[in-house]
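Me: I'm new to this one. Could you show it to me and take my questions one by one?

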Amino acid sequence: AQHMLDAGVLPPLLSLFSRAKGSSSESLELRGELLWALSNAAAGPQEHQDMLVRAGVLEHVRTSLDPLMSLKVKTEAMWVAGNLTEGVLTPDRANLISHHVLDRIHDVLLGPDPPASAMVLKFLTNVMRASKSCVARASALGLRDTLVRMLPRAQRGVRGPLAVALSIFD
């Protein structure tokens, strides 16, 4: 990821999102690949995350969580958002990320992929730990109730992150 960012690939990479509009299989495939590359960069150090946020990655994440996008694309978008919440997360950064993403996490959270659900729960936990206003926003969006409904059917690997996320609401 460092080589990619050092080489100045980020602006051209982001410009490719303009070719990945719509819900055709080609557009969804391109969007998924772009998000995968961004999630790798977002998994890097704080400097990488800062660079991605300044470059406008969150708007691409938000549009990739649109109801018309495939679950695969939405999952890749949540990996970007989740990776951006790792490390030192200031309240301002948590609020910025949650503003773009929080109202669109249900499909991946409730989807058939337990590791993706666990990742969304970790994202939710990270932003809520960093900012009380994120807890209030998550509550207003009904996320606490959603998590409570998940409890009886939570699969292995999801139960722990689910319990941690729920504990923050209390």
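Me: Leaving aside its neighbours within four places in sequence, which residues is A42 in contact with?

Reply: They are Q49, L52, V80, N83 and L84, where contact means heavy atoms within 4.5 Å. This is a predicted model, where local features need pLDDT of at least 70, side-chain atom pairs count only at pLDDT 80 or more, and totals for chains, interfaces and linings use all residues. Residues are numbered from 1 along each chain as its sequence is written, and side-chain values use heavy atoms, with hydrogens and water left out.

Me: What makes A42 buried?

Reply: Buried means under 20% relative accessible area, exposed over 50%, partly exposed in between (1.4 Å probe, protein chains only). A42 has 0%, so it counts as buried.

Me: How far apart are A42 and N83 in sequence and in space?

Reply: They sit 41 residues apart in sequence, yet 5.3 Å apart in space, C-alpha to C-alpha.

Me: Which residues of helix α10 are buried?

Reply: In α10, residues 132-140, you'll find C134, V135 and A138 buried. Seen down the helix axis, the buried residues of α10 fall within an arc of 105° (taken from the directions from the axis to the C-beta atoms), so they line one face. Helices here are DSSP runs (H or I, at least four residues), numbered from the N terminus.

Me: And which residues are exposed on the other side of α10?

Reply: Over there, K132 and A140 are exposed.

Me: What do the buried residues of α10 pack against?

Reply: Four helices: α7 (91-101), α9 (114-130), α11 (143-150) and α12 (159-169).

Key:
Helices (H or I, at least four residues) and strands (E, at least two) are DSSP runs, numbered from the N terminus.
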